[in-house]
Amino acid sequence: MSTTLPIPLRFDVPHGWRAAPPDEVGAPGAAFVAVHPPADSGFTANITVDGEYRPDTATLPEIADESVGRMGESATSLTVTDRREVGSADAPGFTQTLAFSVVVGGQSHDLVQSQVYLSMLDVDDPRRRVVIRLVFTSTASQHPDLLDDFRDLVRTVRPGDGATP
């Protein structure tokens, strides 16, 4: 079942991407999914957005490590190819890129995933921290061509009113 974000967000979906119901595209834990047809070798590039309250003291790199651990449970190979802190003290972020292989429907796919973690404090209660995760997954051959679309979406993330697009 798809989830909702702990806070409302707004962002602009790049041209050529279309929103898709998370449950129907195999991303039940996501609050938002966009796909970029056509498929490449049977895999459709996608962007997912999810988030949760993180009242613990885990840093964004530690939260990103948790994601790598979960990914390692289902990938046949996994390499972290890039990691870096981004943003500012007021708007911290963290990015990492993973290269991995998975078998879906009996077919092996070499994929690349770019992950962005954004930390946001509740303006009414700064002790309540929300971590938003934006993830772009594509085949290795599509990644260079679609990465700027993902970056464009990330640049537009902002607090919103009501529901996420």
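## Helix H2

The expected span of a helix is taken as 1.5 Å times one less than its number of residues, and helices (H or I, at least four residues) and strands (E, at least two) are DSSP runs numbered from the N terminus. By that rule the 13 residues of H2 should span 18 Å, which agrees with the 18 Å between its end C-alpha atoms.

This is a predicted model, in which local features need pLDDT of at least 70 and side-chain atom pairs count only at pLDDT 80 or more, while totals for chains, interfaces and linings use all residues. Residues are numbered from 1 along each chain as its sequence is written, and side-chain values use heavy atoms, with hydrogens and water left out.

## Faces of H2

Buried means under 20% relative accessible area, exposed over 50%, and partly exposed in between (1.4 Å probe, protein chains only). The buried residues of H2 are His143, Leu146, Leu147, Asp149, Phe150, Leu153 and Val154. Viewed down the helix axis, the buried residues of H2 fall within an arc of 165° (taken from the directions from the axis to the C-beta atoms), so they line one face of the helix. Pro144, Asp145 and Arg155 are exposed on the face turned away from that buried side.

The buried residues of H2 pack against strands S3 (32-40), S4 (43-53), S7 (107-121) and S8 (129-139).

## Leu147

Leu147 belongs to H2 (residues 143-155) and is buried, with a relative accessible area of 16%. Leaving aside its neighbours within four places in sequence, Leu147 is in contact (heavy atoms within 4.5 Å) with Ser114 and Phe136.
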